[in-house]
Amino acid sequence: MTRILKCFTLALLTCLGLFVSNAYASSGLTLAQYREWKKDPIKKEMLTTYTAGMGQGVVFSNVHNKSFNIPQIFCPPGDLPITGDLTNQILENFIAKNNFKPTDEISIILIFALKNAYPCR
């Protein structure tokens with residue numbers, strides 16, 4: 001009986017792990033989705049909020065890094081507010097200059113775009 005329970009538990013954990021890994025793999029907004037959202041006025045507004053939130057997440061990561069004397073991810077001038085309009089502009093410029101796959105996630109592209117726009121010296 002104990003062996004059956006162990007096998008069942010292992011199978012359940014394996015299924016859960018596969019479910020979680022698949023959910024994580026498809027959780028981000030891809031470049032293809034980003035481009036589609038830009039065409040729809042309502043989704044475009046949502047996109048501005050989405051990219052502003054991603055930008056704030058990177059800002060919060062910078063605060064964390066700074067507090068532990070870890071190099072910052074990007075170094076914007078002064079107290080530059082990271083707004084949705086700014087993140088969209090930075091994304092557009094960076095996407096236009098680089099070759100990304102449609103399946104690449106916007107959140108990762110944004111990190112590299114911010115690093116490129118505001119490098120730490």
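The secondary structure of the protein chain comprises five helices and zero strands, where helices (H or I, at least four residues) and strands (E, at least two) are DSSP runs numbered from the N terminus. From the N terminus on, the order of elements is α-α-α-α-α. The model is predicted: local features need pLDDT of at least 70, side-chain atom pairs count only at pLDDT 80 or more, and totals for chains, interfaces and linings use all residues. Residues are numbered from 1 along each chain as its sequence is written, and side-chain values use heavy atoms, with hydrogens and water left out.

**Chain as a whole**
- Of the 121 residues in the protein chain, 25% count as buried (under 20% relative accessible area; exposed is over 50%, partly exposed in between; 1.4 Å probe, protein chains only).
- The protein chain exposes about 8,700 Å², of which carbon and sulfur atoms supply 64%; the areas come from the Shrake-Rupley method with a 1.4 Å probe, and for residues only the protein chains shown count as cover.
- Contacts (heavy atoms within 4.5 Å) between residues at least 6 apart in sequence join residues at least 24 apart in 61% of cases.

**Threonine 87**
- Threonine 87 lies in helix H4 (residues 84-97) and is buried, with a relative accessible area of 0%.
- Its side chain reaches the backbone oxygen of glycine 84 at 3.0 Å.
- Not counting residues up to four places away in sequence, threonine 87 touches Thr51, Ala52, Gly55, Ile82 and Leu110.

**Valine 63**
- Valine 63 belongs to helix H3 (residues 41-67) and is exposed, at a relative accessible area of 51%.
- Valine 63 and isoleucine 73, 10 residues apart in sequence, are separated by 9.8 Å in space, C-alpha to C-alpha.

How values were computed: Polar contact = N/O pair within 3.5 Å; in protein donor to acceptor, adjacent residues only side chain to side chain.
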